[in-house]
Amino acid sequence: MFRWLTGGESHGPGLTVIVDGLPAGVPLEAERVARELARRQEGYGRGGRMRIERDRARFLGGVRRGRSTGAPVVLWIENRDWANWQAVMDPEPRETGGEPPGGAPASGAGEASALTAAERRALPVERPRPGHADLAGSLKYGHRDMRDVLERASARETAARTAAGAVARALLAELGVEVGSFVERIGPAAWRREPAYPAEEEPWRAWAAAAARSPVHCPDAAAEAAMMEAVDQALRAGDTVGGRFVAFALGVPPGLGSYAQWDRRLDGRLAQAIASIPGVKAVAFGAGEEMAELPGSRAHDPILPDPGGPRPGRFVRPSDRAGGLEGGVTNGEPLVVSAVMKPLATLRRGLPSVHLPSGQPAEAAYERSDVCVVPAAGVVAEAMLALVLAEALLEKLGGDSLEELRHRVEERRRAWEAGWPWA
Ligand SMILES: Cc1cc2nc3c(=O)[nH]c(=O)nc-3n(C[C@H](O)[C@H](O)[C@H](O)COP(=O)(O)O)c2cc1C
């Protein structure tokens, strides 16, 4: 069974990741994980934290001389910011945090600005930010200082997911499966790709390669400029901006997931994985919401005979509006999932909130924050896609070693290509 867990807080000592069930023999290097972590940190519109954190991951178990051993892979990502937060976040009982001299300010930024940075950090968080877990988390766990909520609810945790995803990607790469992403909307600025739903792999690969050179991860130069302007405008207005990204996988073998039981459908499992990315508010496959408008005659991907002449069990698909999934099962076409990322909920000028200890109106608390994270969310989605696919692949084809798994994948591919189960 392939499974993984993360632990750690945003301003604690660091983040831990355990990936269990990875076959032995998968090439793994810290450099490879660092590359993915760096991609998550890029993107036009990121804030000060990204300059503090240059993330690196260390393997603490399960890897020896650049290869997985079959034991749990343990990763550690240090929080460089920890040095500034040690007093506030110390796991040992001690007299820290609490109110600064004169009591906690009710209305926020104005009064707090007279304090030093260290004093501000020590303030309890008592003015929940609308759109964050602050309020719901404190109602659930009974935390009066909402720092105990936001430290774990923070998207800093997605660094740990990205590291786990890098491990999954290393496995997938050995099996000929590649994962990528790009951005197609930031606020009002959108790019409409052409062709929209290619069944060929090349357009997807080219879009991801062009996105890798773009500060907003958009493959199109004109749309890129408009997207950067949308970020600049939000920054000038003290506002934030959301958007939409697309994540895809190529070379995915058919037959992953199952229609036989609701919780085995791969579309359902992927939807949960992508929707679990903090801030994601809508998830779609292939043509997604366009399906609401299209007539049935244009919404589906025909199944056509082999262009080289009809042969048992051989066919082609001219388009991929289904996004590589039919009946919750992969069909061998590019797997395509898109998602909407909401505009970030931390605004320089806090949204209307309440100072909960007094019940008085107040501006929401401000924590250093980004203006736009749509490109980064796409990178996190790649990690989630890789993790779900690694799990589904191992479920179907198993294998304690990479050699064993690779043999099974190749044997299956040869059978499908030959027209199995008809030829
Ligand atoms: C990579 C990434 C970075 C994020 N950075 C921030 C940030 O700097 N400030 C912020 O307010 N929200 C940020 N978010 C979004 C919040 O984590 C998210 O809005 C919050 O968890 C509540 O959303 P939810 O209701 O979908 O969980 C980020 C999300 C991601 C995926």
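Biologist: Hi! Where is the place of P195?

Modeller: P195 sits in the loop between β8 (189–190) and α9. Helices (H or I, at least four residues) and strands (E, at least two) are DSSP runs, numbered from the N terminus. Residues are numbered from 1 along each chain as its sequence is written. This is a predicted model, where local features need pLDDT of at least 70 and side-chain atom pairs count only at pLDDT 80 or more, while totals for chains, interfaces and linings use all residues.

Biologist: Thanks! Which residue does a cis peptide bond join to P195?

Modeller: That is E194, and omega is about 0°. Another cis peptide bond joins W420 and P421, with omega about 5°. P421 lies in the segment after α14 (402–417). In general, most peptide bonds are trans.

Biologist: On to α9, then. Which residues are buried in that helix?

Modeller: In α9 (residues 202–212), the buried ones are W204, W207, A208 and A211. Buried means that 20 or more other C-beta atoms lie within 10 Å of a residue's own, exposed means 12 or fewer, and partly exposed is in between, with C-beta atoms placed from the backbone.

Biologist: Why do they line one face of the helix?

Modeller: Seen down the axis of α9, the buried residues fall within an arc of 95°, so they line one face. The arc is that of the directions from the helix axis to the C-beta atoms. On the other side of α9, E202, A206 and A209 are exposed.

Biologist: And what do the buried residues of α9 pack against?

Modeller: They pack against β7 (178–186) and β9 (243–250). Two residues are in contact if their C-beta atoms, placed from the backbone, lie within 7 Å. α9 lies across β7 and β9, running at about 65° to β7. For that angle, axes are lines fitted to C-alpha atoms, for helices over the stretch in contact, and angles run from 0 to 180 degrees between N-to-C directions.

Biologist: What order do the strands have in the open sheet?

Modeller: The order is β8-β7-β9-β15-β10, an open sheet of 5 strands with antiparallel pairing. β8 and β10 (280–285) stand at the edges with a single partner strand each, so one side of each is left without a neighbour in the sheet. Two strands pair if DSSP finds at least two bridges between them.

Biologist: How many bridges join β7 to β9?

Modeller: There are 8, and the two strands run antiparallel. G180 stands opposite F248 in β9. β9 also pairs with β15 in the antiparallel sense, over 7 bridges, and R244 stands opposite V340 in β15. As for β10, this strand and β15 (residues 335–341) pair over 5 bridges.

Biologist: Is β9 mostly covered or exposed?

Modeller: Mostly covered, as 8 of its 8 residues are buried. G243, F245, A247 and A249 point one way, R244, V246, F248 and L250 the other.

Biologist: New topic: which residues come nearest to the ligand?

Modeller: Of the 19 residues around the ligand, those are A155, P278, G279, T346 and D370. A residue is near a molecule or strand if its C-beta atom, placed from the backbone, lies within 6 Å of it. Helix α13 (residues 374–397) gives the most to this shell, with 3 residues.

Biologist: Last one: what is the phi of H217?

Modeller: H217 has a positive phi of about 55° although it is not a glycine. H217 is in the loop between α9 and α10 (221–236), and it counts as buried because it has 30 C-beta neighbours inside 10 Å.
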